[in-house]
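Let's take a walk through this protein together. Have the sequence and the model open side by side as you read.

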Amino acid sequence: MITLVDTTLRDGEQSPGVSFTVKEKVEIASLLSSIGINEMEVGTPVMGGNEAQAVKEIIGMNLPSRILTWNRVLERDIEAALSCGAKALYISCPVSDIQIEKKLGKKREWVKERFSKLIPELKKEGLYVACGLEDASRANPHFVLEISSLLEGLAVDRIRFCDTVGILTPFKTFELIGFLRKYIKTPLEIHTHNDFGLATANAIAGVKGGADYVSVTVNGLGERAGNASLEETVMALERLEDIKTSVDTTRLKEVSLLVSVLSGRPVGYGKAIVGDYIFAHESGIHVDGVIKAPACYEPFPPEMVGAERHYIIGKHSGISSIIYKFKSLGITINREDAAIMLPLIRRMAEEKMPLTDSELPDLYIPTLAGQRGLFY
Ligand code: MN
């Protein structure tokens, strides 16, 4: 069993131009919890204002999910989290030399000192502590191991390995997580970004390499090209790797729609798992196959993610598709009539794609009236 950590409300909201209101955050958190997301990262308390308010309200809802907040290795970040009622905290610090030196103006030693100073106090309070190793994918792997061993010694509850700028491949991810797994017993989390379109693949590779937790966001919302998407990761784990999660996949489309509307980021027609057209069939050969047995051209049934199958009539349609489509609109036509309509439908489709359900019956009426010749 792999645990998905949804960070739509933290990393997802960091997507440029995206901002959720307190009410929207509460609504998304409730929905995520109700579909079986057991862990979520909901914000950065030190930002104060509505950000802290949303964290406070979500924690106050007492959802059955663990609610985490994002914090730097700074006392004031931790104080802000605790004053929101946080019981579970990510404590994040860069571990790559470029970020330690250029961004923070510090040395590797500083990173070790900060963790060593802060973690024992948090553990003494009985808090759940997850440590985030920012930019771990560009860090020296031996330093990542050194820090991880230090954190394990401090009894942290989880270590998050971040591919902050999305430069991993599945092969490298598998190797890096496998390397850590060999020496570290503390649960590991893989956190990936989609800069090269590999976020989901890398997340799966991290799990195969030994990670117990996976960071995801709904619709892959997140900085730059986004994060590993919740819907892709869940479906790939369950369907392709036979790894169970706690998520009710039949509600993935519903969650995707809510986040798409509230974030103002439309989901592409062809987006894996939740795109509107991924169960739409047009080409004659495919439609003919799907009508006979959907599995011919579908990797899983649409109901599994709360979607529906559509038959689109267009340039690539065949006679079977036309007969089937008209039947679904309550009109029975024979093969001869379908064959007569086919060239017209193709011609129309070339000008306007796709033909809508309301336009199709209009095409049929003239053929009934014996005006077939018109269409040749
Ligand atoms: Mn991130």
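Is K124 buried or exposed? K124 is exposed, with a relative accessible area of 70%; here buried means under 20% relative accessible area, exposed over 50%, and partly exposed in between, using a 1.4 Å probe and protein chains only. You will find K124 in helix 6, which covers residues 108-124. Helices are DSSP runs of H or I with at least four residues, strands are runs of E with at least two, and both are numbered from the N terminus. K124 and T173 are 49 residues apart along the chain, and 33 Å separates their C-alpha atoms.

Before going further, a word on the model. It is a predicted one, in which local features need pLDDT of at least 70, side-chain atom pairs count only at pLDDT 80 or more, and totals for chains, interfaces and linings use all residues. Residues are numbered from 1 along each chain as its sequence is written, and side-chain values use heavy atoms, with hydrogens and water left out.

Now step back to the whole chain. The protein chain has 15 helices and ten strands, and its C-alpha atoms fill a box of roughly 85 × 40 × 35 Å along the principal axes. Of its 376 residues, 53% are buried.

Finally, look at helix 12 (residues 284-292) and helix 13 (residues 319-328), which pack at an angle of about 55° with their axes 8 Å apart. The axes are lines fitted to C-alpha atoms over the stretch in contact, and angles run from 0 to 180 degrees between N-to-C directions. The two helices are therefore oblique to each other, a label for angles that are not under 35 degrees (roughly parallel), over 145 (roughly antiparallel) or 65 to 115 (roughly perpendicular). Where do they meet? G284, V287, D288 and I291 in helix 12 meet S320, S321 and Y324 in helix 13, where contact means heavy atoms within 4.5 Å.
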